Amino acid sequence: MPKRLQKDSLHQSWRPRRRKRRLLFRIFVLSLALAGILAILIGAHVKRLEKIVERKFSSVTRRWNIPSRVYSDAFYLYPGVDLARREVIKKLDRLAYRKVAAVQGPGDFSLQPGSLEIYLHDFAYPQEKFAGFPVRIEKEGEIVRRLTDLESGEELPLVKLEPEEMAAIFDEKMEDRTIITLKDCPQHLLEAIILIEDERFFKHKGIDPVAIARAAVADLLAMKIVQGGSTLTQQLVKNFFLTSKKAFRRKFNEALMSMILERKHTKAEILEAYLNEIYLGQRGTSSVTGVAEAAKHYFAKEVHQIGLAESALLAGLIRNPSLYSPFRDKEKAIARRDFILKKMLEQEIIDEEKYQQAATEELVTPKVELKPVFARYFIDFLKTQLADFYPEEVLETEGLRIFTTLDMTMQFTAKEALNEGLADLEKKFGHLLPEEYREGKLQGCLVAISPQNGYVRAMVGGRDYAESQFNRCTQAARQPGSTFKPFVYLTALDPGRAGQTYTLASLVEDKTFEMETPEGPWSPQNYDKKEHGLVTLRTALEKSYNIATVKLALNVGLEKIVRTAHDAGITSPLSPFPSLALGVFEVSPLELAQAFAVFPNRGLRTRALSIIHVTTSEGDVLEKETLKIQRAFDEAPIALVTSAMQGVMERGTAAAVRAFGFHGKAAGKTGTTSDYRDAWFAGFTPDLLALVWTGFDDNTPIEMSGARAALPIWSAFMKKVAGESTAAFTFPKEIVQVAIDPETGGLATRQCPVTFTEYFIEGTEPTELCPHKTGKLLPSIRSPAESVEEEF
């Protein structure tokens, strides 16, 4: 072959090789470039993830939003308390105490013949950490006779049961969580969780190839997913930073963030966060998050108080809290617990003796699984009082502890009395109502106050919060009707206010009259449509005579009555028109109840309080409500009006209270508006005031008086919470008792057919004899109080 042809042939054979090498080189360069770009992108992504991890996990930031918790007032047991009437066992159930044969640890209670034994919970009160101890409550029937500390044998004057958690104020995640540190957890709980969830936790760097391979083999052999390969760190990352959505991107980020977390933080920090973050069940609409909250939920204990068996059960719940919940299936929960205990024995974490003891331990859970929001109307009222100082975001995230004035036993009794009372009215008197209003439409509210300090003890703002969140105790503006009359009589019976002297024996004319008003002629009418002639002030108030009350108001001065009402605490606008005396203006039920409290509080005015303390989650007091008490009225005229209101319940418009089952000492006043749109009763003992309103929200007449509609509800409530109420009202030393003729108000003689011992401010007693027949005065009819206070 010629040389030229050989050269051309060689040239042609090298040409494809050079092209191939160039192509490979270009691919290599492109791959390097892509790898570099990918490395840059991954690096940037890692940097971004690092910032996310540090921003959310850094110790200088708040890792979790902690709901604020709202508590009732504490509950005291002392000799004389009626355990049945105060529903103490129900309270123990709500407080998650466990009924056992014999008390052994915090949260146990046992009923024995003639006694009740309780092992009190620990509780962090404002500025005081209380350590629980066992007590014996000896009782006679249901009455407490003696209290004893079972550890020391010391007799105790009283025992304080911790407040009930009424509500938690959550953010949108609705996670119920109690933050703890590693030192708060028992060692066996940490060991059980690490063993069952990630036994190589202290060996890996965030992801565990050994665990992944083992899980893959197990799943392949079973032909289904039976074992997970995620580390404890990965579980934390998924729950804390990511979502549970199954996707490659999420799994990729989870692995990267797990390694970042392990590189940036210690194993102790990661484990502590995991213990606070892990989901362990559901309580109603909120989740039970973290081992501390789970210990409370499932065992009613602080996490440091749980034993080996309880620790194993909590560790076993992590895989599937719903499936292994002891509330749902106790047998499955025990089987899962025993499986964990067996593994702990096999790994020589516990010995045979501890295993046998834990595996045979009885599983005792509290009676109440759910933690419903109690007293929703009260909670709404509370939030309005907190709003000026604590915005919603703070309440949802800062873990504040809000201690309130509410008495939970009274609250439940009030709700029951109102709902059953309204239903009973519709059943018995539905024929009086418009046809479309005969079932479930009648509304009402009940508020109870401790008069000495203004504490709101119960508040029910309507029949059903789920149907209507309108709080009729605080938001409704209704006419008080005759419930306002005591303030008219208080003005008249106070010489310093009236500028003239009236007594309960003074006569006023109950005879129809007409007067001109800016709206035209006006004439008050009595409820019974009758006139009653000359009557004493006592009779006029006891019988609630409208005509006599308006005449008295006009004689005393309407402006003076307005001032009296404002001094008592009524803040709604009042106009000095004659109809003022009959309560023809609008006021909220809480406002009226607060004003009424001056009577049992002997002229001292308080304001209605819902908050006692607000503290941080660590227990530092942020706010403490101080009692604001001021002398608004002299004691003597207050005592006179209170005496007359006792007569309302003995002889007057509320005399039916005895037929309704209440037999204690009390005073009060019925109220009915002239068009029957509102029915009221406000009544009180020396220690408790309760007010009931009933009506329709749209002002449709209910065609029932306060005595028929509101009084039965008040009676049902008070006979349970106040019982026989033997405590007597007191009056000051300037009050004297004088026997009079109740018809004319004159001094009684032996010839008077009827006599009545009336109360007077000393120096205002009658001087004229009764007009029946002259004769000698009854002996010892004037008896000034010999001490500062005396009962009436």
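Predicted model: local features only at pLDDT ≥ 70, side-chain atom pairs only at ≥ 80, totals over all residues.
1. The axes of α3, which covers residues 187–197, and of α9, which covers residues 308–317, come within 9 Å and cross at roughly 35°. On the α3 side the residues that take part are His188, Leu189, Ala192, Ile193, Ile196 and Glu197, and they meet Leu308, Ser311, Leu314 and Ala315 of α9.

2. A further pair of helices to look at is α14 (residues 408–429) and α23 (residues 711–721), whose axes come within 8 Å and cross at roughly 150°. Because angles over 145 degrees count as roughly antiparallel, α14 is described as roughly antiparallel to α23. The contact involves Met410, Thr413, Ala414, Glu416, Ala417, Leu418, Gly421 and Leu422 from α14, with Ile713, Ala716, Phe717, Lys720 and Val721 coming from α23. The crossing of α14 and α23 is right-handed.

3. The structure holds 38 salt bridges, and one that a new reader may wish to locate joins the side chains of aspartate 73 and arginine 457, with a distance of 2.8 Å from N to O. Aspartate 73 is found in the loop between β1 (68–71) and β2, while arginine 457 belongs to strand β18 (residues 455–460), so this pair ties together parts that lie 384 residues apart in sequence.

4. Two residues deserve a careful look at their backbone angles. Most residues other than glycine have a negative phi. Glutamate 87, although it is not a glycine, has a positive phi of about 50°, and this glutamate lies in the loop between β2 (75–77) and α2 (88–94). Lysine 529, which is likewise not a glycine, has a positive phi of about 65°, and its position is in the loop between β21 (520–522) and β22 (533–536).

Notes
Residues numbered from 1 in each chain as written. Heavy atoms only, no water. Axes fitted to C-alpha atoms, helices over the stretch in contact; angles between N-to-C directions. Helix = DSSP H or I, 4+ residues; strand = E, 2+ residues; numbered from the N terminus. Parallel < 35°, antiparallel > 145°, perpendicular 65-115°, else oblique. Left-handed = near helix turned anticlockwise from the far one by under 90°. Contact = heavy atoms within 4.5 Å. Salt bridge = Lys/Arg side-chain N within 4 Å of Asp/Glu carboxyl O.
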